[in-house]
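Please read this briefing alongside the sequence and the model.

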Amino acid sequence: MKRLLYFFVSIAILMLWSSCRKDFDFSPSTGNLGFSKDTVYLDTVFTNIGSSTYNLKVYNRSDDDISIPSVRLAQGESSSYRLNVDGMPGKVFEDVELLANDSLFIFIETTFDIQSVVAADNQFLYTDAIEFDSGDNYQKVELVTLVKDAVFIYPNRDNNTGVIETLEFDVDGDGTPDETALQGRFLEDDELTFTNEKPYVIYGFAAVDEGDVLTIEAGARVHFHANSGLLVTNNASLKVNGDLSMDQDLLENEVIFEGDRLEPLYTDIPGQWSTIYLFNGSVDNEINYATILNSTVGILCEGNQDAVSDKLTIRNSKIYNSSNFGILGRATSIRAENVVFNNSGQSSFAGTLGGKYNFTHCTIANYWNTSFRQFPSLLLNNFIVNEDNTIFTNDLEEANFNNCIIYGNDNAEIDISGESESALNYLFTDCLIRFEAFGDPIDFDDPVHYNNITLNEDPEFKLPFENDLRLNESSAAIGIGNSIFASQVPNDILGEARISPNIDLGAYQFVPEED
């Protein structure tokens, strides 16, 4: 009975309140709006690629409900900016209502075609403004975006069916092309040199056809859309000819591979694009002074472990923020010198299904902290297990790691396993290794596989979670390098000389900071 009484009393109160309440009475704004910012900077975008969504908050700090007679882009309907005002898309709005002491959001995006303007440079500062009201009550917020021109490489699309072109090449090695599901196209002859004049933006896979060589010049910038990458096919080669940069912030001479989102939010997000895929049969691939950022797999290198020259030679390069592997090798041959790995969702380097690997003065680290990491910084084995749980083996002919650092934020940062049907040959010499395992121990006194190992001593990287793997002055890696290996790689990744007896492990020589 009481519950019923409460119900009727509540209804009576609501009816009384409704009968007494006046409808909102909106008066025109008087030019006293407040804004969360006076200029909205939309970060750098490529021409014809949409920006992220940015927001502006508009405040009515008065005690009156107001109506803003007009909210519009200064360039009106011709503007390349797009607005969404309180849930309504458009470019010009009238009588926008805003309650007393309340606020509303305006969301802002842009897509701009740099070819619509005459610009002497390859970038253009595009501006507009959001205007509120007019006359004495006029207020505005500036909009600013830096737009970069670029060379776009993308597969063709059938205008009738909408089907996007996919790659056909010899996948199984029988000499005939096979259809694949990889969206992309082969580069034309006039596209086989990437210069530093404009950035390159790749949609799908840009493929290097049989017998061709893709040359990427010093200072080039290569950007990939989601699920995109490079593919180097049978008897084709990739030559990345970066050089040492004087400015380690600008990296003006390095070749940089990364995603196509330029906003700061995407600076270090892993998995934004696919991989540089050195397919079985590609030959003599060389990478020097490259930075590979935010991929799924930085480099996927397959096959050709018995080639006369190494399938991949990589020097003076950095591979960061790979959602799976920094380099994944499968029955292949890789030579690496002065290479820095860090922040991989699985392993920074994995040599699987055997192969031949020679790494000298490399820093193979993994400070992944985005999610749980199952694998160590360095993984070696001589087998692979397919989806039917069938094991295939292949000889690990050699895996030599000299004057290297293998470290990270996990307890055990190496894992070596093998099947007896195939060889498992490996040797770590003058390396600093982290291995604090609770499972099967490793005998680091075994001279067949380990010589002069520094175990579980801290290399004391400067900022490992920010990919700065230079050494601090108290690093355990300082001064314990082998001069024989240093003579093979006489300068570090920054051009510092390795002079005995002050030879440090890893890709970086310690350099005292100047006062």
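Strands are DSSP runs of E with at least two residues and helices are runs of H or I with at least four residues, numbered from the N terminus. In that scheme G355 is found in strand β29. This is a predicted model, in which local features need pLDDT of at least 70, side-chain atom pairs count only at pLDDT 80 or more, and totals for chains, interfaces and linings use all residues. Residues are numbered from 1 along each chain as its sequence is written, and side-chain values use heavy atoms, with hydrogens and water left out.

**Confidence**

- The protein chain averages a pLDDT of 92, with 94% of the residues scoring at least 70, where pLDDT is the predictor's confidence in each residue on a scale from 0 to 100.
- Residues 1-22 have a pLDDT below 50, and beyond near neighbours in sequence this stretch has zero contacts in the model, a contact being a pair of heavy atoms within 4.5 Å.

**The open five-stranded sheet**

- Five strands form an open sheet in the order β2-β4-β9-β6-β7, with antiparallel pairing; two strands pair if DSSP finds at least two bridges between them.
- Strands β2 (34-35) and β7 (88-90) stand at the edges with a single partner strand each, so one side of each is left without a neighbour in the sheet.
- Within this sheet, β4 is joined to strand β9 (residues 102-110) by seven antiparallel bridges, and Y59 stands opposite S103 in β9.
- Strands β6 and β9 pair in the antiparallel sense over five bridges, and the bridge partner of V85 in β9 is I106.
- Strand β6 (residues 81-85) is also joined to β7, by three antiparallel bridges, and there L83 has G90 of β7 as its bridge partner.

**Strand β10 and its partners**

- Strand β5 (residues 66-73) runs antiparallel to strand β10 (residues 123-132), to which three bridges join it; V71 stands opposite F132 in β10.
- Ten bridges join β10 to strand β11 (residues 139-148), again in the antiparallel sense, and F124 has V147 of β11 as its bridge partner.
- β10 and β11 form a hairpin with six residues between them, and D133 in the turn has a positive phi of about 65°.

**Nonpolar cores**

- The largest nonpolar core has 58 residues, of which F257, I299, F349, F359, F401 and F428 touch the most other members; such a core is a set of buried Ala, Val, Leu, Ile, Met, Phe, Trp, Tyr and Cys residues joined through side-chain atoms within 4.5 Å.
- Strand β28 (residues 325-344) contributes the largest share of this core, five residues.
- Not counting residues up to four places away in sequence, F401 touches F349, F359, I364, L378, L380, L427, F428, T429 and C431.
- A second, separate core of 28 residues includes V71, I108, L143 and V147.

**Burial and backbone at single residues**

- G355 is buried, with a relative accessible area of 0%, where buried means under 20%, exposed over 50% and partly exposed in between, using a 1.4 Å probe and protein chains only.
- Leaving aside neighbours within four places in sequence, G355 is in contact with Q305, A331, T332, N394, D395, L396, E397 and E398.
- The C-alpha atoms of G355 and S103, 252 residues apart along the chain, are separated by 63 Å.
- H361, in the loop between β29 (349-360) and β30 (363-366), has a positive phi of about 50° although it is not a glycine, and at 0% relative accessibility H361 counts as buried.
- N48, in the loop between β3 (39-46) and β4 (54-60), has a positive phi of about 70° although it is not a glycine; N48 is partly exposed, with a relative accessible area of 48%.
- A cis peptide bond with an omega of about 10° joins S500 and P501, and P501 is found in the segment after α2 (483-488).

**The largest pocket**

- About 1400 Å³ of space lies in the largest pocket; on a 1 Å grid over the protein atoms alone, a pocket is an open set of points where a 1.4 Å probe fits, with protein on both sides within 12 Å along at least five of seven lines, and lining residues have an atom within 4 Å of a point.
- Grid points are joined across faces, edges and corners, and the volume is the space filled by probe spheres set on the points.
- Of the 48 residues that line the largest pocket, D249, L251, I256, T291 and L293 are the closest to its centre.
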